[in-house]
Amino acid sequence: MLSRAARSTSRTVVPALGSLASRQKHSLPDLPYDYGALEPHINAQIMQLHHSKHHATYVNNLNAIEEKYLEALQKGDITAQVALQPGLKFNGGGHINHSIFWTNLSPKGGGEPKGELLEAIKRDFGSFDKFKEKLTTVSVGVQGSGWGWLGFSKEQGRLQIAACFNQDPLQGTTGLIPLLGIDVWEHAYYLQYKNVRPDYLKAIWNVINWENVTERYMACKK
């Protein structure tokens with residue numbers, strides 16, 4: 001069963017018109033570990049700011065924009081609805097992406113996955129090391145801010161690697177179901193790794209929660 005953070009991402013960012021009036025506000029998910037639990041790979045100061053400030057801002061902005069979107073829908077104001085779409089995408093994507101990210105990390109993480117996920121990685125990328133190298137390269141290569149992702153294609157039944165810019169959500173952007181996301185915005189690493197993104201990406205593999213990634217993989221295969 002997926003964690004609270006993972007379940008919170010299953011709701012549509014823009015609810016159907018009939019359910020908007022009774023919608024529940026989005027909330028900041030609790031972390032399943034302490035802010036300092038991922039040290040020395042990601043320090044406590046980064047985690048606290050990243051979670052309690054950056055992610056919280058996306059949640060607050062998303063709730064505010066959805067209120068305005070509801071008003072625009074009720075008024076039939078299409079111009080306002082269109083104008084609000086970029087904010088919904090950015091803040092909704094930020095909420096979705098980070099809710100996945102926190103569960104993708106664990107103080108007991110690292111190493112390699114096991115079972116069906118490992119076999120799928122070997123099938124689709126040749127080996128775990130080749131997969132790790134490819135996802136790292138794609139993540140390092142994101143220009144500006146964005147995310148590196150391991151996703152699953154329902155149509156092809158295969159794993160794929162992709163990059164998304166800013167807070168664009170993987171599934172809404174590419175159709176791939178997100179399994180593992182690596183945040184490469186500077187706020188995810190700058191206080192510890194300065195502008196050396198490759199060092200951060202080398203370190204983050206030590207805290208990847210393969211149990212969570214495997215759980216996501218098995219769920220999307222059903």
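Predicted model: local features only at pLDDT ≥ 70, side-chain atom pairs only at ≥ 80, totals over all residues.
Colleague: How exposed is Glu116: buried, exposed or partly exposed?

Modeller: Glu116 is partly exposed, at 43% relative accessibility.

Colleague: Which residue forms a salt bridge with Glu116?

Modeller: Lys221 does. The closest N and O atoms of the pair are 2.9 Å apart. Lys221 is in the segment after α10 (210–220), while Glu116 sits in helix α5 (residues 115–125), so the bridge ties together parts 105 residues apart in sequence. Lys221 is partly exposed too, with a relative accessible area of 41%.

Colleague: How many salt bridges does the structure hold?

Modeller: Four. Some of them join up: Arg123, Asp124 and Arg158 are linked in a network.

Colleague: Is Asp124 buried or exposed?

Modeller: Asp124 is buried, because its relative accessible area is 16% and the cut-off for buried is under 20%. Its partners read otherwise. Arg123 is partly exposed at 43%. Arg158 is partly exposed at 33%.

Colleague: Now the sheet. How do strands pair?

Modeller: Strands of a sheet pair through backbone hydrogen bonds, either parallel or antiparallel. Here, three strands make an open sheet in the order β2-β1-β3, and the pairing is antiparallel.

Colleague: Which strands stand at the edges?

Modeller: β2 (158–165) and β3 (177–183). Each has a single partner strand, so one side of each has no neighbour in the sheet. From one strand to the next, the twist averages 25°. Strand β1 (residues 146–153) pairs with β2 over eight bridges. There, Gly148 stands opposite Ala163 in β2.

Colleague: Which helix packs on the sheet?

Modeller: Helix α6 (residues 128–140) does, touching β1, β2 and β3. Its direction makes about 15° with that of β2.

Colleague: How are two packed helices described?

Modeller: By the angle between their axes and the distance between the axes. Take helix α3 (residues 44–75) and helix α4 (residues 78–103). Their axes come within 8 Å and cross at roughly 145°. The crossing of α3 and α4 is left-handed. By class, their contact has 14 nonpolar, 14 polar and two charged residues.

Terms used. Residues numbered from 1 in each chain as written. Heavy atoms only, no water. Axes fitted to C-alpha atoms, helices over the stretch in contact; angles between N-to-C directions. Helix = DSSP H or I, 4+ residues; strand = E, 2+ residues; numbered from the N terminus. Left-handed = near helix turned anticlockwise from the far one by under 90°. Nonpolar A, V, L, I, M, F, W, Y, C, P; charged D, E, K, R; others polar. Pairing = 2+ DSSP bridges. Contact = heavy atoms within 4.5 Å. Salt bridge = Lys/Arg side-chain N within 4 Å of Asp/Glu carboxyl O. Buried < 20%, exposed > 50% of the residue type's maximum accessible area, 1.4 Å probe, protein only.
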